[in-house]
Structure formats: C-alpha cells, structure tokens
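Please examine the fold shown below, beginning with the chain as a whole and then turning to individual residues.

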Amino acid sequence: MKDAFGLPQSLLILGGTSEIALATARRLIARRTRTVRLAGRPSPRLEQAAEGLRALGADVRTVAFDALDPESHETVLGKVFAEGDIDMVLLAFGILGDQARDEREPVNAVRVAQTNYTGAVSAGLVSARALQAQGHGSLVVLSSVAGERARRSNFIYGSSKAGLDAFAQGLGDALHGTGVHVMVVRPGFVRSRMTAGLDEAPLATTPEAVAAAVEGGLRRRSETVWVPGALRLVMSAMRHVPRAVFRRLPV
C-alpha cells in the first residue's frame, strides 16, 4: 500500500531501461519503495538496471515484456499482479524514431506509432484493470510536450504522443472514483540516450528532474505534470499561434 504521502511501496515499470523510469525508481526507493518489477525486452541493459536498483536495497526482478506484442500483455502483466498488489505502474516505454528516415520508410513510422501508442493502449488498459481489481494504485504515463502540437521536425513522434496523452486523460476520467489515480507527465526535451546528438531545446531538463516532478505529482495526486513547470504556459501560448505563423517558427 502507499504511505501517508501517496508514495508506493511496490512499483512496476513498463520500459525497464528508460532513464527517466530508473531515475524515478531510485528516488522512490530512497523514500519508501521496496519492491520493483522492471518489464522490458530481455537484454544486458535490463539486467544492469535491475542490479543497480538492488544495490539500493530494493527487491527487484525483471519481467520479459514487449510493447509490440499486445497479445502477450494480459498474460505477462497478469502474472506480475498475481504475485501481489502493485501500488504504481509507470508506463515509460517509447521510441523517438528518425523523422527524415521514417517519412521515407513508412514501415518505420508505423513502428513508432505501434510502440508509443498502440502498445501503450494495450498495456495501459491491462494495468488499469488490474489496479481497479485490487482497489487502489497509480498509473503514471510518460507523455511529452511534443504531443501538444505537431511540429514539422518530429510530427510522427509527436502524433504518437498526442494519441497517448489523449488516451491517458480519457482513461483517468474513466477510472475516477475507483481508487485508481492516473497521472500524465509531460516533459520537454530530456537530456538522455534517446536525445543524444540532437540540438537541445529551450527549457531542457534531466531524468532526475522528471523523477522529482513525478514524486511531487504523486504526493499531490496531480492529474497532469509538466516538466519543467514553465512549459505549461509556453505550450498554452504555442497552441494558439496561427498555423501560418507556426509554420515559420524554427521548431
């Protein structure tokens, strides 16, 4: 069960090698979390992530999970929940893709959409149903400010995150009053492996800063968290820029 501050004792991460997710796990372990399940494709990196969290004193186990295999999600995640209650599910998997390549090779664009949106819809619904069955828990969904308005430079990735964001908001509405809390996290540019080599955007942040914002959101039972918070005002303004003007912006 969660503590008096709304922080979880048990955590399931979908996307177990995500730098943001692991930073969040480290922060929560330092507070109260004692059980962590890292779900992802089997790899040395996943095992290394598990070892790193074990060194902090948590009971950590890896779970073979593939976002692109939705037919397996009920079975795989069902086994995790059958072992005991999960206080928090962190949906953290996703890929950035390569905009120029993906425009030329639509099969790659489809993979971005299937990973970031279709896989998340499947895993999100399975997790939400399990949380509802146990009567409590949080589902934290890593979205992105890229989903707020499609930009020429990354509209394939942005559109997948826009779909994910809308799905998570609707799921939160559907679960209101059930004891299950859904929180959407919208980071801006995060300095990580995924963005290595890209030009850094204004108001860039770090996995650790996102983790701190997640903790704060859990304590407040927020429904939406922007990282950094100033992006809320920036994106509110960007949404209302006329399209003809928006096209001329260096975004």
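The paragraphs that follow proceed from the overall architecture to an aromatic pair and then to selected loop positions.

The model is a predicted one. Its chain contains nine helices and seven strands. Over 251 residues the radius of gyration is 18 Å, close to the 18 Å given by the globule rule, so the chain is as compact as a globular protein of that length. Among contacts with a separation of 6 or more, 71% are between residues 24 or more positions apart. The accessible surface of the chain comes to about 11,900 Å², and carbon and sulfur atoms account for 54% of this surface.

The next topic is aromatic contact. A pair of aromatic rings is described by the distance of the centres and the angle of the planes. The structure holds one aromatic pair. Its members are Phe 65 and Phe 93, whose ring centres are 5.8 Å apart; the planes stand at 45°, between the limits of 30 and 60 degrees, so the pair is tilted. The two residues are 28 positions apart and the pair links distant parts of the chain: Phe 65 belongs to the loop between β3 (59-64) and α3 (73-82), whereas Phe 93 belongs to the loop between β4 (88-91) and α4 (99-104).

Leu 56 lies in the loop between α2 (44-54) and β3. With a relative accessibility of 44%, Leu 56 counts as partly exposed. When residues up to four places away in sequence are set aside, Leu 56 touches Arg 26 and Ile 29. Its C-alpha atom is separated by 22 Å from that of Ser 192, a residue 136 positions away along the chain.

Attention now passes to Arg 191, placed in the loop between β6 (180-187) and α7. Arg 191 has a relative accessible area of 38% and is partly exposed. Which residues does Arg 191 contact, leaving aside its neighbours within four places in sequence? They are Glu 200, Ala 204, Thr 205, Thr 206 and Pro 207. Between Arg 191 and Leu 22 the C-alpha distance is 14 Å, while their separation in sequence is 169 residues.

Two backbone features complete the account. Arg 221 is situated in the loop between α7 (207-220) and β7. The phi angle of Arg 221 is near 55°, a positive value in a residue other than glycine. At 46% relative accessibility, this arginine, Arg 221, is classed as partly exposed. At the other feature, a cis peptide bond joins Val 227 and Pro 228, with omega about -5°. Pro 228 is located in the loop between β7 (224-227) and α8 (231-239).

Notes:
Residues are numbered from 1 along each chain as its sequence is written. This is a predicted model: local features need pLDDT of at least 70, side-chain atom pairs count only at pLDDT 80 or more; totals for chains, interfaces and linings use all residues. Side-chain values use heavy atoms; hydrogens and water are left out. Rings of Phe, Tyr and Trp (its six-membered ring) pair if their centres lie within 6.5 Å; planes under 30 degrees apart count as stacked, over 60 as edge-to-face and the rest as tilted. Helices (H or I, at least four residues) and strands (E, at least two) are DSSP runs, numbered from the N terminus. Buried means under 20% relative accessible area, exposed over 50%, partly exposed in between (1.4 Å probe, protein chains only). Contact means heavy atoms within 4.5 Å. The radius of gyration is taken over C-alpha atoms; the globule rule is 2.2 Å times the number of residues to the power 0.38. Accessible areas come from the Shrake-Rupley method with a 1.4 Å probe; for residues, only the protein chains shown count as cover.
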